[in-house]
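Subject: Structure handover

Hi,

Here is the structure I promised to pass on. Please open it next to this note and follow along.

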Amino acid sequence: QSGSLPSYSIEGIYRRNQGKRCWQMLKLPLIGDQAEQISRVKEENMEAQLKLGRIFGIEIGLHYSWLIIALLIAFSLAGHFGAAHPDRGRGVIWGMAIITALLFFAAIVAHELSHAIVARRRGLPVRSITLFALGGVAQLEKEPEDAKTEFLVSIVGPIASAAIGFVCLMLAWALGWTMMPEPATPLMAM
């Protein structure tokens, strides 16, 4: 067939991925007696290497790549806090950096939990949440069956992030924060 797409087979993709099961939304053009479209949802490569526990019955874990970004964020914040406030001790600076980084990742967990909770309420089983270098992923057992469910599961994460940002802004304002280039106290910096 001229101009047709290349043929793929499940076995070939499986071999090319060194035997790892990675059928994340595979929609492959198949030719001949394999002319049907294949769609599988599973990403075994994004499994958590470090299990943190469960929240609302959903397993929370870390992919090894999260450790790299967590260190980069903590070092970056420590460098910024140290440059902005050289009069503060190293313990205070590193304490602020670590607490701020942990709060950042707690916000990511809350964002992913919102996806997972709405998915579960809409009848989609949720296996786990994994934090990795680029954020997090709520791993659903199956895809939403209708557009409304997909929209609700998708939109609730950004809404949760906006709500977290608003609450933090209001809390900072209640504690005396004003628009300034650098915060006056370690608490306001976080």
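**What I found**

Gly-123 follows helix H3, and the phi of Gly-123 is positive, near 90°. Helices here are DSSP runs of H or I with at least four residues, strands are runs of E with at least two, and both are numbered from the N terminus.

Some ground rules first. This is a predicted model, where local features need pLDDT of at least 70 and side-chain atom pairs count only at pLDDT 80 or more, while totals for chains, interfaces and linings use all residues. Residues are numbered from 1 along each chain as its sequence is written, and side-chain values use heavy atoms, with hydrogens and water left out.

**The chain as a whole**

The protein chain has 5 helices and 4 strands. Along the sequence they come in the pattern α-β-β-α-α-β-β-α-α. The chain has 190 residues, and 33% of them count as buried. Buried means under 20% relative accessible area, exposed means over 50%, and partly exposed is in between (1.4 Å probe, protein chains only). Now take the contacts in the chain with a separation of 6 or more: residues 24 or more positions apart account for 49% of them. A contact means heavy atoms within 4.5 Å.

**The sheet**

The 4 strands form an open sheet with mixed pairing, in the order S1-S2-S3-S4. Its edge strands are S1 (50-55) and S4 (135-140), and each of these pairs on one side only. From one strand to the next, the twist averages 20°. Two strands pair if DSSP finds at least two bridges between them.

Go across it strand by strand:

- S1 and S2 (residues 58-62) are antiparallel, over 5 bridges. Arg-54 has Glu-59 in S2 as its bridge partner. Lys-51 stands opposite Gly-61 in S2. The two strands form a hairpin with 2 residues between them, and Phe-56 in the turn has a positive phi of about 55°.
- S2 and S3 are parallel, over 4 bridges. Ile-60 faces Ile-129 in S3. Glu-59 has Ser-128 in S3 as its bridge partner.
- S3 and S4 are antiparallel, over 6 bridges. Thr-130 has Val-137 in S4 as its bridge partner. A hairpin of 2 residues joins S3 to S4.

How covered are S2 and S3? In S2, 4 of the 5 residues are buried, and the strand is mostly covered. In S3, 6 of the 7 residues are buried, so S3 is largely enclosed by the rest of the structure.

**Helices on the sheet**

Helix H2 (residues 64-84) lies across S1, S2 and S3 (126-132), and runs at about 40° to S3. Helix H3 (residues 90-121) packs on the sheet and touches S1, S2, S3 and S4; its direction makes about 160° with that of S3. For these angles, axes are lines fitted to C-alpha atoms, for helices over the stretch in contact, and angles run from 0 to 180 degrees between N-to-C directions.

H3 has 32 residues and reaches 46 Å from its first C-alpha to its last, close to the 46 Å expected at 1.5 Å a residue. The expected span is 1.5 Å times one less than the number of residues. Val-92 sits in H3. Val-92 is partly exposed, with a relative accessible area of 39%. In sequence, Val-92 and Pro-186 are 94 residues apart; in space, they are 7.7 Å apart, C-alpha to C-alpha.

**Helix H4**

Asp-146 caps its N-terminal end, with a side-chain oxygen 3.2 Å from the backbone nitrogen of Lys-148.

Where does H4 kink? The kink of about 25° is at Val-156, shortly before the proline Pro-158. The bend at a residue is the angle between axes fitted to the seven residues ending there and the seven starting there.

The buried residues in H4 include Thr-149, Val-153, Val-156 and Gly-157. Ile-155 is also in H4. Ile-155 is partly exposed, at 31% relative accessible area. Ile-155 and Ser-114 are 41 residues apart in sequence and 9.5 Å apart in space, C-alpha to C-alpha. Just after H4, Gly-176 takes a positive phi of about 105°.

Best wishes

Note on methods. Polar contact = N/O pair within 3.5 Å; in protein donor to acceptor, adjacent residues only side chain to side chain.
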